[in-house]
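Hello,

Here is the structure I promised to pass on. Please open it first, then read my notes below.

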Amino acid sequence: MTTPKIAVLFYSTYGTNYAVAQEAKTAAEQAGAEVRLVKIPETAPQDVIDGQEGWKAQQDRVAEIPEVTHDDVIWADGIFLAAPTRFGGQPSQVRAWIDTLGPLWGEGKLINKTVTATTSAQNPNGGVEQTLMNFYNAAVHWGAIPIYPGFTNAVKFEDGGNPYGFSKPAGDLTEVHSRSIAHQSKRLVELTAKIIA
Ligand SMILES: Cc1cc2nc3c(=O)[nH]c(=O)nc-3n(C[C@H](O)[C@H](O)[C@H](O)COP(=O)(O)O)c2cc1C
């Protein structure tokens with residue numbers, strides 16, 4: 001098997017999606033992938049971040065993790081995205097990053113990359129499916145290949161059952177959450193391996 005290269009991208013204000021990304025990285029490596037864990041750049045003013053203890057703490061926690069570059073995207077065969085739901089859609093930080101990809105799109109460098117997405121929200125039905133579809137919508141324009149979890153594993157009947165991608169209320173991960181993230185990450189690796197074979 002050609003080793004699939006997976007970029008695990010995350011944006012996380014308070015830590016939930018960082019934890020999801022860490023689980024996804026571990027599972028992808030266990031499934032045989034080479035993995036880069038990279039963060040989507042913050043765009044909020046530093047004084048706003050400093051004004052919230054939880055936000056500042058998360059910024060400090062991920063200070064040593066590199067920001068995603070275009071080289072990471074070109075390198076990757078597949079992308080795993082973990083990012084929160086904001087007002088029923090993607091955070092502006094994620095959207096701003098997506099909007100830097102125009103040149104890669106123009107050169108056809110996003111074609112046939114696999115993508116999968118996860119999210120969190122305060123409320124179980126706080127707009128999570130819309131957030132995931134926002135990302136897949138962009139992926140369609142790239143000619144990328146969305147990989148949904150669907151109900152491809154029994155864990156999807158335990159984790160809240162979002163077939164578009166794992167989603168959870170903000171906060172700590174449970175054992176079921178970890179299994180669901182691992183399933184989605186492994187599925188991304190396995191299908192990516194078939195595509196690049
Ligand atoms: C500006 C803003 C908008 C938000 N909008 C929603 C929303 O539409 N629905 C919802 O359930 N939660 C909403 N939330 C809660 C976030 O989804 C929650 O903080 C996030 O999932 C936590 O992820 P993180 O720990 O990775 O930052 C919002 C939070 C903020 C700060």
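In which loop is phenylalanine 87 found? It sits in the one between β3 (78-82) and α5 (92-98). Keep in mind that this is a predicted model.

Two backbone angles first. Most residues other than glycine have a negative phi. Phenylalanine 87 is not a glycine, yet its phi is positive, about 45 degrees. Phenylalanine 87 counts as exposed, because it has 11 C-beta neighbours inside 10 Å and the cut-off for exposed is 12 or fewer. Asparagine 112 also is not a glycine and has a positive phi, about 70 degrees. Look for asparagine 112 in the loop between α6 (102-106) and β4. Asparagine 112 has 13 C-beta neighbours inside 10 Å, so it counts as partly exposed.

Last, helix α8. It covers residues 175-196, 22 residues in total. At 1.5 Å a residue, α8 should span 32 Å, and its end C-alpha atoms are 32 Å apart, so the two agree. Which residues of α8 are buried? They are His177, Ser180, Ile181, Ala182, Gln184, Ser185, Arg187, Leu188, Val189 and Thr192. Their cover includes β1 (5-10), α1, β3, β4 and β6 (167-169).

Best wishes

Methods. Residues numbered from 1 in each chain as written. Predicted model: local features only at pLDDT ≥ 70, side-chain atom pairs only at ≥ 80, totals over all residues. Helix = DSSP H or I, 4+ residues; strand = E, 2+ residues; numbered from the N terminus. Buried ≥ 20, exposed ≤ 12 C-beta atoms within 10 Å, placed from the backbone. Expected span 1.5 Å × (residues − 1). Contact = placed C-beta atoms within 7 Å.
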